[in-house]
Amino acid sequence: MVKSYSATYVKSSGENREMNFIRLNDLPETFLNGKIKGTGKERDLNEGQEVVWDLDNSGFRVFNWKTVVGEATTTDRELKLGA
């Protein structure tokens with residue numbers, strides 16, 4: 001089981017976006033190893049931004065904690081490693 005989050009934040013365009021996601025620290029290493037590609041260079045993010053795994057789009061996205069609308073809710077869920 002992993003902890004997943006559901007929250008709405010304001011995108012840089014001013015639009016609200018609802019996202020269901022898992023923080024990278026909560027993902028199993030075996031899952032991350034199968035998904036991470038590239039040079040291994042860390043991306044420079046603004047304060048409050050975090051790379052997360054988007055459950056609805058099955059990909060990495062940036063979530064902005066500084067523009068959260070309301071509060072994030074958490075749920076424990078089973079993660080399908082093939083997802």
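## Overall composition

Residues 24 or more positions apart account for 59% of the contacts in the chain with a separation of 6 or more, where contact means heavy atoms within 4.5 Å. The structure is a predicted model, in which local features need pLDDT of at least 70 and side-chain atom pairs count only at pLDDT 80 or more, while totals for chains, interfaces and linings use all residues. Residues are numbered from 1 along each chain as its sequence is written, and side-chain values use heavy atoms, with hydrogens and water left out.

The chain holds 1 helix and 5 strands, and its elements run β-β-α-β-β-β from the N terminus on. Helices (H or I, at least four residues) and strands (E, at least two) are DSSP runs, numbered from the N terminus. Of the 83 residues of the chain, 27% count as buried; buried means under 20% relative accessible area, exposed over 50%, and partly exposed in between (1.4 Å probe, protein chains only).

## The sheet

The 5 strands make up an open sheet with antiparallel pairing, in the order β4-β3-β2-β1-β5. Two strands pair if DSSP finds at least two bridges between them. The edges are taken by β4 (59-64) and β5 (68-77); each has a single partner strand, so one side of each is left without a neighbour in the sheet. On average, neighbouring strands are turned by 40° against each other, direction ignored; the axes are lines fitted to C-alpha atoms, for helices over the stretch in contact, and angles run from 0 to 180 degrees between N-to-C directions.

Strand β2 (residues 16-23) pairs with strand β3 (residues 49-54) in the antiparallel sense over 3 bridges, and F21 stands opposite D54 in β3. β3 is also joined to β4 by 6 bridges, again antiparallel, with V52 having R61 in β4 as its bridge partner. These two strands, β3 and β4, form a hairpin with 4 residues between them, and S58 in the turn has a positive phi of about 50°.

A nonpolar core is a set of buried Ala, Val, Leu, Ile, Met, Phe, Trp, Tyr and Cys residues joined through side-chain atoms within 4.5 Å. The largest has 8 residues: V2, I22, L27, F31, L32, W53, L55 and L79. Apart from neighbours within four places in sequence, I22 is in contact with V2, K3, S4, L27, V52, W53, L55 and L79. A second, separate core of 7 residues includes Y9, M19, V52 and F63.

N20 lies in strand β2. Its side chain makes a polar contact of 2.9 Å with that of S6. A polar contact is a pair of N or O atoms within 3.5 Å; within protein, one must be able to donate a hydrogen and the other to accept it, and residues adjacent in sequence count only if both atoms are side-chain atoms.

## Aromatic pairs

A search of the whole structure finds 8 aromatic pairs. Rings of Phe, Tyr and Trp (its six-membered ring) pair if their centres lie within 6.5 Å; planes under 30 degrees apart count as stacked, over 60 as edge-to-face and the rest as tilted. Y5 and W65 form an edge-to-face pair, 6.2 Å centre to centre with 85° between the planes. This pair links distant parts of the chain, with Y5 in strand β1 (residues 2-10) and W65 in the loop between β4 and β5, 60 residues apart. Y5 counts as buried at 11% relative accessibility, whereas W65 is partly exposed at 28%.

The rings of Y9 and F63 have centres 4.8 Å apart and planes at 65°, so this pair is edge-to-face. Y9 in strand β1 and F63 in strand β4 are 54 residues apart, and both are buried. Ring pairs link Y5, Y9, F21, F63 and W65 into a cluster.
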